[in-house]
Structures are given as C-alpha cells and as structure tokens.
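Subject: Handing over a structure

Dear colleague,

Please find below the sequence and structure that I promised to pass on to you.

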Amino acid sequence: MGRSPFLRATPSLPKPSSVAAAGVLLGAAAAGAGVAAATWSALRSRNRWTGKTVVITGGSRGLGFALASEFGRSGANLVLAARDGDELARARDLLLERGHISSERQVQLEVCNLASRPDAEKMIESALARWDTVDVLVNNAGIIRVGPAATQSIEDFVEAMDTNFYAMLYCTWAVLPHMIARGAGDIINVTSFGGKVAVPHMLSYSASKFAATGFSEGLHTEVKQYGIHVTTICPGLLRTGSHLNAEFKGRHADEYRWFSAGASLPFVSVDAARAARLIVGAAARRDVELIISPQAAAGVRAAALMPTTTARILRLVNWMLPKAGANPDGRVALPGRKTRAKEAPFVDRFGGAAAARYNEQARSLPDR
C-alpha cells in the first residue's frame with residue numbers, strides 16, 4: 001500500500017528567532033494589506049461620486065460643510081442649500097481656498113427656507129435646471145434647541161418639526177419623481193442619536209428626530225424597488241462648532257456649558273471630517289444605517305435591550321443637568337454665541353478650532 005500523505009515524519013521545530021521573524025513579516029504583510037484595502041475602499045468611495053450631482057441641505061456650515069468638502073474632493077457637483085446667503089458664500093470660498101473643489105462652477109448656492117414646501121421644491125427644480133439630474137440628496141438641515149422641558153413652548157416643537165422633519169419630507173418628495181423616473185438615486189438622511197434615544201433637555205429636538213428616523217427607515221423599505229437607496233445616519237456628538245449656533249433656554253450659560261463641553265472634547269465627540277468620511281463611505285456601500293461613535297451605538301443597543309435601565313440612567317442624567325429656574329427670561333431662546341460663559345481653556349480651544357474649520361464662526365462673537 002502507498003503511504004498516506006498525512007503520515008509524514010514530524011519536521012524539526014524552527015528556531016524561536018525564525019518564528020519571531022516570520023511573525024513580524026506576517027504582521028507587516030497583514031498591516032500592509034489592511035492599509036491597501038482601506039485605501040482602495042476610500043478611492044472606490046470617492047470615484048463613486050465623480051461627476052454626480054449632490055444636493056446638501058444645511059450645507060453652509062457644520063456637518064453639511066464637512067460633507068460638501070468630502071463630496072467636493074470626490075469630484076461631485078455640489079448644490080448647497082441654507083438660509084444665510086453670506087454663510088453660503090463663505091462656505092464656497094473656503095472650499096476653494098482649501099482645494100476641496102476645483103472651481104466656483106462646481107458649486108451652486110441656493111438661499112432658501114426649506115421648512116417652506118415651495119422653497120424646497122424650487123431648490124430641487126433649480127438644481128435640475130442647472131445639472132439635469134440630482135444623483136444624491138443629503139437631508140442634513142436642522143436646528144438644536146437645548147433646555148428643560150419646562151422652558152419649552154409649543155412653538156419650539158413646531159419649529160423643530162418644520163426644520164428637522166418637514167424640510168426633509170419636502171426635499172425628498174420634490175426629488176423622488178425624478179429619481180423614480182431615472183430608476184436610480186441615493187438619499188442620505190441625517191437624523192441623530194437623539195432620534196433613537198430621547199436625550200434630556202433636548203425634547204423638541206428628539207421628538208423631531210424620532211419622526212425623521214422613522215420616516216427615513218420606512219422610506220428605505222418603500223423606494224428600494226425603484227432603484228433608490230436610502231441611508232439613515234444617526235450621529236452622536238459631533239465636533240463641528242455648532243454649539244455656537246445652537247439655541248439655549250432656561251439657565252442659558254449653564255446649559256451652554258455642558259452642551260459645549262460634550263460637543264467639543266475629542267474623547268466625547270467625533271470630528272466632523274471623520275463623520276463625513278464615514279457617511280460618504282456608508283452611502284457608497286449602500287448601507288441601510290450608520291450610527292456614528294461607539295458611545296452612540298452602545299446607547300442605542302442599551303435602549304433597545306434594557307429600556308427600563310436606560311430610562312433610569314437618563315433620569316439620573318436629567319437630575320444632574322441645570323434646573324429650569326424661576327427667571328422668566330429662561331423661556332427666551334439665545335444662541336450659544338450670545339450666551340457663552342467662561343469655559344475651560346481646553347474646551348474653548350477644541351470647540352473654537354472646530355467652529356473655524358467648519359464655518360460656524362461666520363457671525364461675530366461677543367467678548368467674554
């Protein structure tokens with residue numbers, strides 16, 4: 001009988017130094033392969049958008065501006081929509097200065113109030129007239145109002161719904177017939193961790209973001225049959241400098257202080273440029289959902305698996321936050337740039353750098 005190939009003499013063991021060298025080589029090869037794969041994935045993601053038309057609502061500052069930078073570097077044609085014409089012009093100039101777009105012709109600026117359905121429809125019509133197609137709609141426009149529930153008015157909820165939900169609905173409904181006719185399109189809906197877990201002192205914001213998240217998830221299910229892909233983005237705290245333009249009620253300075261710290265510190269928040277890369281990559285992969293930051297992902301899972309425990313933790317967080325107080329001025333909403341109190345230097349440094357990078361400092365800031 002022939003000898004089985006599995007019954008061979010045991011080879012002599014290699015020397016420890018040889019094993020170590022082999023391990024180093026294998027580790028280096030694996031690391032190189034990982035870097036190459038990541039680079040190739042990034043290149044594929046960028047090439048995916050070359051020549052495409054991308055509409056970004058709330059595109060003048062913050063995350064919207066970071067997304068404009070990322071798509072612009074990918075060679076996409078940009079339509080940036082926002083209420084403030086000066087901020088939009090500044091955003092375009094910054095994109096040019098930083099080399100994120102090749103020329104002004106790559107960007108179309110649309111000054112509009114997307115909480116108005118006619119404005120939203122006109123904005124999409126203008127984009128189609130200029131570029132003939134809208135390949136990607138990024139619904140990013142939103143407002144943040146921070147303060148205890150006792151200081152919130154019905155109007156706060158209406159305004160939050162108008163900007164955070166209805167603007168998304170109006171823009172989506174305006175572009176859907178075009179995408180359905182083409183049989184292709186991508187819709188990226190930026191909702192929030194606050195659209196999965198109700199965050200204390202952000203009740204009107206969370207209510208509107210829950211509506212936006214439900215709309216986005218349901219839309220994905222229904223329009224996939226037409227060749228349209230919807231990605232829902234749920235960021236945690238992002239380092240954009242938005243705390244300067246968020247609005248605060250109640251004990252204004254105290255509310256601003258905790259919010260700005262959370263939105264500025266690197267180990268708590270995610271840099272907007274990194275978030276933009278993750279979002280663009282998720283859209284290129286046709287992901288259904290992206291939750292940004294490990295803390296946000298853990299919070300969403302905890303709320304789903306342990307709702308009672310999560311509610312108790314959130315009650316504790318609420319107890320630690322500033323109380324409403326008896327001052328009637330607490331019912332007046334003030335932007336962070338007007339109510340900012342003395343911050344720790346490192347908080348001010350990180351937050352200020354983000355605000356400058358993402359065009360959140362266009363308005364003059366008060367002396368402190």
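**What was found**

Of the 368 residues of the chain, 46% count as buried, where buried means under 20% relative accessible area, exposed means over 50%, and partly exposed is anything in between, with a 1.4 Å probe and protein chains only. Please keep in mind that this is a predicted model, in which local features need pLDDT of at least 70 and side-chain atom pairs count only at pLDDT 80 or more, while totals for chains, interfaces and linings use all residues. Residues are numbered from 1 along each chain as its sequence is written, and side-chain values use heavy atoms, with hydrogens and water left out.

The chain holds 12 helices and 12 strands; these are DSSP runs numbered from the N terminus, with helices (H or I) of at least four residues and strands (E) of at least two. Among contacts (heavy atoms within 4.5 Å) between residues at least 6 apart in sequence, 77% join residues at least 24 apart. The chain exposes about 18000 Å², of which carbon and sulfur atoms supply 59%; accessible areas come from the Shrake-Rupley method with a 1.4 Å probe, and for residues only the protein chains shown count as cover.

**The sheet and its helices**

Seven strands form an open sheet with parallel pairing, in the order β3-β2-β1-β4-β6-β7-β11, where two strands pair if DSSP finds at least two bridges between them. At the edges stand β3 (107–111) and β11 (289–292), each of which pairs on one side only. From one strand to the next, the twist averages 15°; for such angles, axes are lines fitted to C-alpha atoms, for helices over the stretch in contact, and the values run from 0 to 180 degrees between N-to-C directions.

Within this sheet, strand β1 (residues 53–57) pairs with strand β4 (residues 136–139) in the parallel sense over three bridges, and isoleucine 56 stands opposite valine 138 in β4. Helix α3 (residues 85–97) packs on the sheet, where it touches β2 (77–82) and β3, and its direction makes about 165° with that of β3. Helix α6 (residues 203–223) also packs on the sheet, touching β6 (185–190), β7 (228–235) and β11, and its direction makes about 155° with that of β7.

Threonine 213 lies in helix α6 and is buried, with a relative accessible area of 4%. Not counting residues up to four places away in sequence, threonine 213 touches Thr191, Ser192, Gly195, Lys196 and Thr232.

**Salt bridges**

A search of the whole structure finds 19 salt bridges, each being a side-chain nitrogen of Lys or Arg within 4 Å of a carboxyl oxygen of Asp or Glu. In one of them, arginine 48 meets aspartate 186, with the closest N and O atoms 3.1 Å apart. Arginine 48 lies in the loop between α1 (16–47) and β1, and aspartate 186 lies in strand β6, so the pair ties together parts that are 138 residues apart in sequence. Arginine 48 is partly exposed at 25% relative accessible area, whereas aspartate 186 is buried at 5%.

Glutamate 247 forms a salt bridge with arginine 145, the closest N and O atoms being 2.3 Å apart. This pair links distant parts of the chain, with glutamate 247 in strand β9 (residues 247–248) and arginine 145 in strand β5 (residues 145–146), 102 residues apart. Arginine 145 counts as buried because its relative accessibility is 10%, while glutamate 247 is partly exposed at 23%. Salt bridges that share partners join Arg145, Asp156, Glu159, Glu247 and Lys249 into one network.

**On the surface**

Leu316, Trp319 and Met320 form a nonpolar surface patch with about 400 Å² of accessible area together. Patches are made of residues with over 30% relative accessible area and no salt bridge, with like charges joined within 9 Å and nonpolar side chains (Val, Leu, Ile, Met, Phe, Trp, Tyr) within 5 Å. Leucine 316 is found in helix α10 (residues 307–320) and counts as partly exposed, at 47% relative accessibility.

Glutamate 125, in helix α4 (residues 117–131), is exposed, with a relative accessible area of 52%.
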